[in-house]
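Trainee: Could you take me through this structure feature by feature, giving the general idea before each case?

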Amino acid sequence: MVAFGKKLKERQIQEWQGYYINYKLMKKKVKQYANQNQAGTLEHRYVLKDFSRMLDNQIERIVLFILEQQGILARRIAQHSKQQESLQEEPDISKISELREAYGALGHDLLKLLSFVEMNAIGLRKILKKFDKRFGYKFTDYYVKTRANHPYSQLQQVFKHVGLGAVFGAISRNLVDLQDRQGSYLSIYDQPALPLQDPVVDSIKSAIDRLSHSTNFLNFLAQHALIMHEEFPSPSGDEHDVDQRYHFVSLLLNLANTFLYMVNTYIIVPTADDYATSLGAAATVCGVVIGAMAVAQIFSSVYFSAWSNKSYFKPLVFSSIVLCVGNVMYALAYDLNSISILLIGRLLCGFGSARAVNRRYISDCVPLNVRTQASAGFVSVSALGMACGPALAGLLQTKFKIYNITFNQETLPGWVMALAWLIYLVWLWISFIEPAHETEVNHVPEASSAEHDKLEQGPEQPLLLKSTENEQEEGGDEEYDASEEAPEESRRPANSLGSAYRLLTPSVKVQLLIYFMLKYAMEILLSESSVVTTYYFGWGTSTVSIFLACLGLTVLPVNIVVGSYVSNMFEDRQILLASEIVVFLGILFSFNFIIPYSVLQYVCSGLAMFVSAEVLEGVNLSLLSRVMSSRLSRGTYNGGLLSTEAGTLARVVADATITLAGFLGESKLLNITLLPSLVICVTSIVATCFTYNSLY
């Protein structure tokens with residue numbers, strides 16, 4: 001792995017060399033500060049003032065150069081626009097072709113400018129992190145907080161690069177106008193999705209998406225999947241290999257696996273209490289029945305994540321077989337009159353959880369240009385499965401026997417899911433194509449003869465957002481810092497849960513706590529809904545199923561509103577804190593402190609809690625992907641696995657809480673189970689406030 005200083009030098013545009021961030025000088029300055037601080041010859045206030053001034057000067061020089069280049073591009077566009085107007089009066093095919101080439105050249109120059117912004121933003125983030133680590137200050141929090149929203153700060157110019165977007169818009173619009181529209185009078189504004197087949201425009205779109213961290217609906221939805229990306233993407237040759245490994249039907253099979261697993265998880269929720277009662281157990285044992293699947297998933301996530309390093313097909317086959325067997329055992333427990341068989345069946349279903357494989361397939365085998373759609377599809381089918389599970393249970397209200405095997409509302413979910421997994425297994429065996437696995441190697445960047453190829457390579461991670469990696473920084477260009485690890489060592493993926501945990505900074509831990517909290521609150525609401533509504537309102541299985549299905553169906557509409565509108569008006573950290581407060585209010589008003597406890601109170605508070613938790617999940621995973629170490633973007637113990645483990649552990653604890661609270665009686669179940677939710681929620685809000693400035 002090449003050190004960042006060398007990478008910056010290699011990717012610099014030669015004629016702009018004097019305008020890049022002076023990373024080498026600033027790194028030496030940080031080392032000098034650290035040495036003087038150890039010797040006790042330097043005041044802390046002087047260091048903060050001097051380093052802040054140096055950063056301000058560096059950023060100001062960069063921003064002024066960006067504005068100058070934007071002005072040059074704008075003047076060239078204006079000149080080309082005049083030529084275009086004259087061509088509309090007297091069309092000339094050869095001149096139109098020349099004008100298209102001129103706009104293409106403009107696009108290449110815009111790509112150069114985007115690359116310039118990208119590399120400087122990375123350098124700024126890295127030097128801030130190096131200062132924090134070497135000098136022991138939380139300087140990044142202070143610097144970003146004081147500069148980000150100040151009217152005289154140049155920092156926000158890099159955040160809000162409106163000028164670059166305007167230049168790109170002008171180039172795109174004019175190229176569309178120059179296309180042969182075959183008599184069409186529609187413009188790009190009438191049809192925003194008007195096709196423009198131009199590789200330069202596609203490259204600019206990718207670069208701007210990396211810079212702006214676009215928050216359209218698909219991107220917002222994709223954040224729920226937490227598909228981790230490396231800070232520096234693979235070279236273009238490697239991306240070509242990903243294109244070669246991509247198979248659309250195999251992607252569909254992974255999404256189908258996700259959908260069926262979510263249906264399998266929630267299809268038993270409306271009837272779990274009745275099933276437990278029919279086998280001689282208390283109704284609140286439904287917590288153990290539902291949670292058994294989550295207990296097994298804690299372990300299955302690890303071995304499936306490790307297995308996906310070698311194969312995708314075999315884990316999916318194993319998952320389908322185990323889930324098929326587990327559902328058959330769940331269904332047969334009724335005739336065998338055995339709560340043990342019931343629990344073993346659910347445990348087997350949890351051991352068949354291949355969500356780690358599904359995530360890994362999208363991350364490794366889906367090309368960048370469709371990865372966002374694939375990630376959004378992963379979340380969408382999960383939400384659909386969550387809604388379809390209870391809805392399907394509500395339809396299975398029948399009872400009959402075949403060869404002394406009982407088919408009723410308790411056992412039919414097991415039989416239906418066993419059949420579904422069997423059909424899926426056949427489809428998987430026939431249609432899935434195993435992609436070629438490559439051994440992980442350290443890529444050494446080579447000097448490319450084509451400048452365009454260099455420009456297209458850039459980081460996917462949000463650029464100026466504070467990185468909270470605990471791995472050591474890369475070494476200098478010509479000097480070696482003994483306090484820092486070798487670059488190769490610092491970039492290796494975590495090889496155990498312990499090493500992954502050591503990479504978690506306070507910001508990451510807080511985000512994982514929030515994820516734990518929202519999953520805990522949602523599991524309490526869903527898992528005890530059947531018992532609570534039966535006790536207070538006398539609801540039957542069909543009514544509970546409709547209630548849970550309606551909750552599940554709110555996921556996509558809420559994400560559309562938040563992803564398309566709310567996230568464009570507010571920062572993620574603002575949405576995060578607001579959502580936590582609404583979750584808190586939803587939990588608070590769910591308590592039975594009003595007698596009699598009404599359906600309106602339960603439904604409204606439950607809906608507020610569930611919807612705000614869904615919004616919270618999106619922004620939480622978005623922020624988590626930003627503040628999490630790039631070393632957790634790959635390998636077995638990756639960021640996706642850690643978040644899955646946190647969420648699964650929350651579900652296990654929640655289901656155990658329901659079962660234990662059941663011993664005190666159903667009349668006390670609601671308030672006792674909500675109390676831990678309230679405490680964890682308050683804790684997460686306080687923790688968010690303490691780390692708020694680092695979530696930029």
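Trainee: Where in the chain is Phe-593 placed?

Mentor: Phe-593 sits in the loop between α26 (572-590) and α27 (599-627), where helices (H or I, at least four residues) and strands (E, at least two) are DSSP runs numbered from the N terminus. Before going further, note that this is a predicted model, in which local features need pLDDT of at least 70 and side-chain atom pairs count only at pLDDT 80 or more, while totals for chains, interfaces and linings use all residues. Residues are numbered from 1 along each chain as its sequence is written, and side-chain values use heavy atoms, with hydrogens and water left out.

Trainee: How is the packing of two helices described?

Mentor: Two packed helices are described by the angle between their axes and the distance between the axes. Axes are lines fitted to C-alpha atoms, for helices over the stretch in contact, and angles run from 0 to 180 degrees between N-to-C directions. In this model the axes of α11 and helix α18 (residues 412-431) come within 11 Å and cross at roughly 170 degrees. The pair is therefore roughly antiparallel, a label for angles over 145 degrees, with under 35 counting as roughly parallel, 65 to 115 as roughly perpendicular and the rest as oblique.

Trainee: Is Asn-257 buried or exposed, and which residues does Asn-257 touch?

Mentor: Buried means under 20% relative accessible area, exposed over 50%, and partly exposed in between (1.4 Å probe, protein chains only). Asn-257, in helix α11 (residues 248-266), is buried because its relative accessible area is 1%. Not counting residues up to four places away in sequence, Asn-257 touches Leu-316, Ser-319, Ala-354, Asn-358, Trp-421 and Tyr-424, contact being heavy atoms within 4.5 Å.

Trainee: What about Gly-280: buried or exposed?

Mentor: Gly-280, in the loop between α12 (272-278) and α13 (286-307), is exposed, with a relative accessible area of 69%. Its C-alpha atom is separated by 9.0 Å from that of Ser-338, 58 residues apart along the chain.
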